[in-house]
Amino acid sequence: MTTTAPAQLATLTEALQAFERGDHTVATLSTLARQQTTLLAALPPRYGEVLLNLLDRLESSALFSEESCSFSQKDLVTNLRMWADKARGVLEQP
């Protein structure tokens with residue numbers, strides 16, 4: 001496993017892209033995201049809370065069809081991309 005926060009963010013971003021292509025399941029993406037402990041430790045605590053919340057909702061959305069679930073997978077993926085962009089900004093600050 002990679003050990004630097006930027007490397008873990010890159011791993012998470014690649015996994016998100018793989019999920020969007022259909023190459024990863026929700027479970028795979030969620031497990032991988034939760035393993036990026038160095039990344040989460042390098043970010044303010046609220047980032048970890050938001051990421052875990054998004055992952056929980058994404059996992060819940062996978063249990064239902066898009067129509068019967070109150071969480072849109074498309075919207076959650078958009079929010080995960082936004083989370084990654086903001087995390088990148090925090091990591092790049094001097």
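**Figure 1. Ala 84 and its partners across the chain.** Leaving out residues up to four places away in sequence, Ala 84 touches Leu 9 and Thr 13, where contact means heavy atoms within 4.5 Å. Ala 84 sits in helix α5; helices (H or I, at least four residues) and strands (E, at least two) are DSSP runs, numbered from the N terminus. With a relative accessible area of 7%, Ala 84 is buried. Here buried means under 20% relative accessible area, exposed over 50%, and partly exposed in between (1.4 Å probe, protein chains only). Although Ala 84 and Ala 10 are 74 residues apart along the chain, their C-alpha atoms are separated by 9.0 Å.

A word on what you are looking at: this is a predicted model, in which local features need pLDDT of at least 70 and side-chain atom pairs count only at pLDDT 80 or more, while totals for chains, interfaces and linings use all residues. Residues are numbered from 1 along each chain as its sequence is written, and side-chain values use heavy atoms, with hydrogens and water left out.

**Figure 2. The whole protein, helix by helix.** The protein has five helices and zero strands, so its elements run α-α-α-α-α from the N terminus on. Of its 94 residues, 34% are buried. Among contacts between residues at least 6 apart in sequence, 63% join residues at least 24 apart.

**Figure 3. The largest nonpolar core.** This core has 24 residues, and those with the most contacts inside it are Leu 12, Leu 29, Leu 39, Leu 58, Leu 80 and Trp 83. A nonpolar core is a set of buried Ala, Val, Leu, Ile, Met, Phe, Trp, Tyr and Cys residues joined through side-chain atoms within 4.5 Å. Two or more residues come from each of α1 (5-21), α2 (26-34), α3 (37-42), α4 (45-62) and α5 (73-92). In soluble globular proteins, nonpolar side chains tend to be buried together.

**Figure 4. Close-up of Trp 83.** Which residues does Trp 83 touch, not counting residues up to four places away in sequence? They are Leu 9, Leu 12, Leu 39, Leu 40, Leu 43, Tyr 47, Val 50, Leu 51 and Leu 54. Trp 83 is also one of the residues with the most contacts inside the largest nonpolar core.

**Figure 5. The buried face of α2.** Look here for Val 26, Leu 29, Ser 30, Leu 32 and Ala 33, which are buried in α2. Seen down the helix axis, the buried residues of α2 fall within an arc of 165 degrees, so they line one face of the helix; the arc is that of the directions from the helix axis to the C-beta atoms. These buried residues pack against α1, α4 and α5.

Figure 6. A search of the whole structure finds one cavity of 30 Å³ or more, and about 50 Å³ of space lies in the largest cavity. On a 1 Å grid over the protein atoms alone, a cavity is a set of points where a 1.4 Å probe fits but cannot get out, and lining residues have an atom within 4 Å of a point. Grid points are joined across faces, edges and corners, and a volume is the space filled by probe spheres set on the points. The lining is made by Leu 12, Leu 16, Leu 29, Leu 51, Leu 55, Leu 80, Trp 83 and Ala 84. The largest share, three residues, comes from α5.

Figure 7. Ala 15 lies in helix α1 and is buried, with a relative accessible area of 3%. Leaving aside neighbours within four places in sequence, Ala 15 is in contact with His 24, Leu 29 and Leu 32. Gln 8 also has its place in helix α1 and is buried, with a relative accessible area of 1%. Gln 8 and Thr 37 are 29 residues apart in sequence and 8.4 Å apart in space, C-alpha to C-alpha.

Technical notes
1 Å grid on protein atoms, 1.4 Å probe; cavity = no way out; pocket = protein on both sides within 12 Å on 5 of 7 lines; lining within 4 Å.
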